[in-house]
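This briefing covers one protein model, to be read beside its sequence and coordinates. The points below are grouped by topic.

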Amino acid sequence: MPATTTTPAIERQLEIAAPPETVFAFLTNGEKLARWMGREAWIEARPGGMIRVDYNGFDVMRGEIIEVTPPTHLVMTWGWESLGDTTPPGGSRVEFHLERAGAGTLLRMVHSGLSAEESASHASGWDLFLQRLATSAAGGSPDAFAAPLSPAEEYASRLNGLLVQLLEALRRCTASAWERATAGDGRTVAAVANHAIDHLGLVSFARAVGDGVRAPQADFTQEGLDAFNAERASQVAGTSIEATIERLRAGGPGAVAALRAFTPADFAKTQSMAFAGGAHLSAGMLVEGPLLADIAAHLAAVRTAIAP
């Protein structure tokens, strides 16, 4: 990860035509929070509680509540669930200070700990969202921030979320846990994590099915598929945690972007699959099962194995 430089804090101040109690509710209630920031929001308004804001299915902020003093102070950490080089969850700090100003509220916001690379985008983001907060708290209705996700975007959002969770699990993994056996077939954490990343190749497989092209994978028998997986396991044996993380960060964003480009017609296309005994499987079935469901299962196995 490239070196970053921390910049001065972002500070904003604005008057809101609503009392502090009302404004505070729009900071600490998930349903009200989502009216002005993101498409979905969850918050546990207590010290140690989680805050999570999904902006568009792909940009997701997550933090931890540090201080809650109704209706004057809210302090939290702030970061992003991401495969890229962004501020991670817990990587920066946001403080809201509310003062009564006549019948309204004077709000001050301070966001500190951001890198120079991210400060400008966060500054413009706060300029947008704080105005949406003021409108919402005063009884207005800002336009929806994000359009509903298409079926392809729903799939891609799920894949992105699974990959981010796998990345976070790998970052927590110790050298000793890396070689632990997982439940089920007893493969090591290293083998299962790399196998999960190999599943990203299923996006190209599904793409071929959607395009009406017969990919070599369609002609794998179950025995052939087992042999292929065994060969891949031997190829990645000895791969380090760091190298596996780089594999994930290199391949994940492209797979997510490719999946977003599918159409409903693509997902409906089918081919006979040798590994399924000749049964016809659709591109959508490949995405739902061998891609998303299997990566989720591998992620669960990794998490269980590396738990203290």
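How many nonpolar, polar and charged residues are in the lining of the largest pocket? By class, that lining has 8 nonpolar, 6 polar and 3 charged residues; Ala, Val, Leu, Ile, Met, Phe, Trp, Tyr, Cys and Pro count as nonpolar, Asp, Glu, Lys and Arg as charged, and the others, Gly among them, as polar. The model is predicted, with local features needing pLDDT of at least 70 and side-chain atom pairs counted only at pLDDT 80 or more, while totals for chains, interfaces and linings use all residues. Residues are numbered from 1 along each chain as its sequence is written, and side-chain values use heavy atoms, with hydrogens and water left out.

**Largest pocket**

- The largest pocket holds about 490 Å³ of space. A pocket is found on a 1 Å grid over the protein atoms alone, as an open set of points with protein on both sides within 12 Å along at least five of seven lines; a cavity is a set of points where a 1.4 Å probe fits but cannot get out, and lining residues have an atom within 4 Å of a point.
- Grid points are joined across faces, edges and corners, and a volume is the space filled by probe spheres set on the points.
- Of the 17 residues that line this pocket, H199, L202, L225, F228 and N229 lie nearest its centre.
- Two or more lining residues come from each of helix 6 (189-198), helix 7, helix 8 (222-236) and helix 11. Helices (H or I, at least four residues) and strands (E, at least two) are DSSP runs, numbered from the N terminus.

**Helix 7**

- Helix 7 spans residues 201-211, and L202, V203, F205, A206, A208, V209 and G210 in it are buried. Buried means under 20% relative accessible area, exposed over 50%, and partly exposed in between (1.4 Å probe, protein chains only).
- These buried residues pack against helix 4 (151-172), helix 9 (241-260), helix 10 (264-268), strand 8 (270-272), strand 9 (280-282) and helix 11 (283-306). Contact means heavy atoms within 4.5 Å.
- G212 follows helix 7 and has a positive phi, near 75 degrees.

- Seven strands form an open sheet with antiparallel pairing, in the order 1-7-6-5-4-3-2. Two strands pair if DSSP finds at least two bridges between them.
- Strand 1 (10-16) and strand 2 (40-43) are the edge strands, each pairing on one side only.
- On average, neighbouring strands of the sheet are turned by 20 degrees against each other, direction ignored. Axes are lines fitted to C-alpha atoms, for helices over the stretch in contact, and angles run from 0 to 180 degrees between N-to-C directions.
- Helix 3 (residues 116-137) packs on the sheet, where it touches strand 1, strand 5, strand 6 (92-101) and strand 7 (104-112), and its direction makes about 15 degrees with that of strand 1.
- Strand 4 (residues 60-69) pairs with strand 5 (residues 73-81) in the antiparallel sense over 7 bridges, and T69 stands opposite H73 in strand 5.

**Strand 7 and its neighbours**

- Strand 7 is largely enclosed by the rest of the structure, because 7 of its 9 residues are buried.
- Strand 1 and strand 7 run antiparallel and are joined by 7 bridges; R12 stands opposite M109 in strand 7.
- Strand 6 pairs with strand 7 in the antiparallel sense over 9 bridges, with V94 opposite H111 in strand 7.
- The hairpin of strand 6 and strand 7 has 2 residues between the strands, and G102 takes a positive phi near 65 degrees there.

**I16**

- I16 lies in strand 1 and is buried, with a relative accessible area of 4%.
- Leaving out residues up to four places away in sequence, I16 touches V23, G104, T105, L107, L133, A134 and A137.
- From I16 to G139 is 123 residues in sequence and 11 Å in space, C-alpha to C-alpha.

**Cavities**

- The structure holds 2 cavities of 30 Å³ or more.
- The largest cavity, with about 60 Å³ of space, is lined by R187, A191, N194, H195, D198, N229, R232, A233 and V236.
- Helix 6 and helix 8 each supply at least two residues of that lining, which by class has 3 nonpolar, 3 polar and 3 charged residues.
- The second largest cavity has a volume of about 50 Å³, and its lining has 11 nonpolar, no polar and no charged residues.
- Strand 5 gives the largest share of the lining of the second largest cavity, 3 residues.
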